[in-house]
Amino acid sequence: MAIDFSVVREAIPVLLEGLRVTAVVSLIGIPIGVVIGIAGAYAAQSRTLLRPVALAYVELVRNIPYLILVYLSFFGLPKLGIGASAMAVAVGCTAFYTGGYFCEILRAALRSVARGQTHAALSLGMTYWQTQRHVVAPQLFGFLIPPTTSLVIMMFKDSAIFSVMSLPEMTYQSNLLTANTFAYVEVLGTTALIYWLSSVLLAGVGRRLETVVGRRTRTPDVVPLTTLSAKGKGQLS
């Protein structure tokens, strides 16, 4: 079977336009979801009425398929008198799902910091939020970056679901191209390649961030005791 590269050349600009829509949805929806996740994680750790609300939200995200949530939002909101474009629904669903998963990622990271450090900071007179800002938060990035990178890649790829709403993102564009050309291998293969390259790029950014944060938070090398003894002798003599 021969590959028709003329179809590939014609498909690439159309797919890149779809990639632009996919990127816009991800760039708006994922940061909003991270903010929701931060609020949810601290609410889930609190002893207020917000705790069961946050935990119920996480369970909702965990146990409802993403596609069902998209269908419910797209077809259900108009029945409630809420008009929303496909782009608005896509951004909202991305933020909602990202928030639930990031809430759990942050909760796990917060539990990774030894409680003794928090107790020590509080005993020194720092407030709860001062402790979070100056003691806890600087230690969280190393725990957060790897799972957050995986979450971003997952949400980026799952944006393909929005093709069911006729949002002109990359998968929707590939569906139109295959319907017009019947060149499934050429079009879907090019679409898969663009998804793969984009995900590899995102993973590379995540690894770079992990390296930079690791250098900044790395503990100083332990100086051998013999060296200290030698220095001590030199200073004394």
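Is Trp-129 buried or exposed in this predicted model? Trp-129 is exposed, with a relative accessible area of 56% (buried means under 20% relative accessible area, exposed over 50% and partly exposed in between, with a 1.4 Å probe and protein chains only). The model is predicted, and local features need pLDDT of at least 70, side-chain atom pairs count only at pLDDT 80 or more, and totals for chains, interfaces and linings use all residues. Residues are numbered from 1 along each chain as its sequence is written, and side-chain values use heavy atoms, with hydrogens and water left out.

**View 1. Annotated spans from the UniProt record.** An unreviewed UniProt entry places the feature "domain: ABC transmembrane type-1" at residues 15–206. The same record lists "transmembrane region" for residues 20–42, 54–74, 80–102, 140–162 and 182–206; UniProt positions are given in the numbering used here, feature names are shortened, and annotations may be inferred rather than shown by experiment. Residues 15–206 are 84% helix and 0% strand, with 25 Å between the end C-alpha atoms (helices, H or I of at least four residues, and strands, E of at least two, are DSSP runs numbered from the N terminus). Residues 20–42 are 100% helix and 0% strand, and their end C-alpha atoms lie 34 Å apart. For residues 140–162 the values are 83% helix, 0% strand and 32 Å.

**View 2. Aromatic pairs around Trp-129.** Rings of Phe, Tyr and Trp (its six-membered ring) pair if their centres lie within 6.5 Å; planes under 30 degrees apart count as stacked, over 60 as edge-to-face and the rest as tilted. The count by this rule is nine aromatic pairs. Tyr-42 and Trp-129 form a tilted pair, because their ring centres are 5.5 Å apart and their planes stand at 50°. Tyr-42 belongs to helix H1 (residues 5–45) and Trp-129 to helix H6 (residues 128–158), so this pair ties together parts that are 87 residues apart in sequence. Tyr-42 counts as buried at 18% relative accessibility. Tyr-128 and Trp-129 make an edge-to-face pair, at 5.0 Å centre to centre and 80° between the planes. Tyr-128 is partly exposed, its relative accessible area being 37%.

**View 3. An aromatic cluster.** Tyr-66, Tyr-97, Tyr-101 and Phe-162 form one aromatic cluster.

**View 4. Packing of helices H5 and H6.** Helix H5 (residues 115–123) packs with H6 at an angle of about 140°, and their axes are 10 Å apart (axes are lines fitted to C-alpha atoms, for helices over the stretch in contact, and angles run from 0 to 180 degrees between N-to-C directions). On the H5 side, Gln-117, Thr-118, Ala-121 and Leu-122 make the contact, while H6 contributes Tyr-128, Thr-131, Val-135, Val-136 and Gln-139; contact means heavy atoms within 4.5 Å.

**View 5. Surroundings of Ser-198.** Ser-198 is located in helix H8 (residues 184–217) and is buried, with a relative accessible area of 15%. A polar atom of the Ser-198 side chain lies 2.8 Å from the backbone oxygen of Ile-194. Leaving aside residues up to four places away in sequence, Ser-198 touches Leu-19 and Phe-156.

**View 6. Position of Leu-50.** Leu-50 is in helix H2 (residues 50–63) and counts as exposed at 53% relative accessibility. Leu-50 and Ala-39 are 11 residues apart along the chain, and their C-alpha atoms are separated by 9.9 Å.

How values were computed
Polar contact = N/O pair within 3.5 Å; in protein donor to acceptor, adjacent residues only side chain to side chain.
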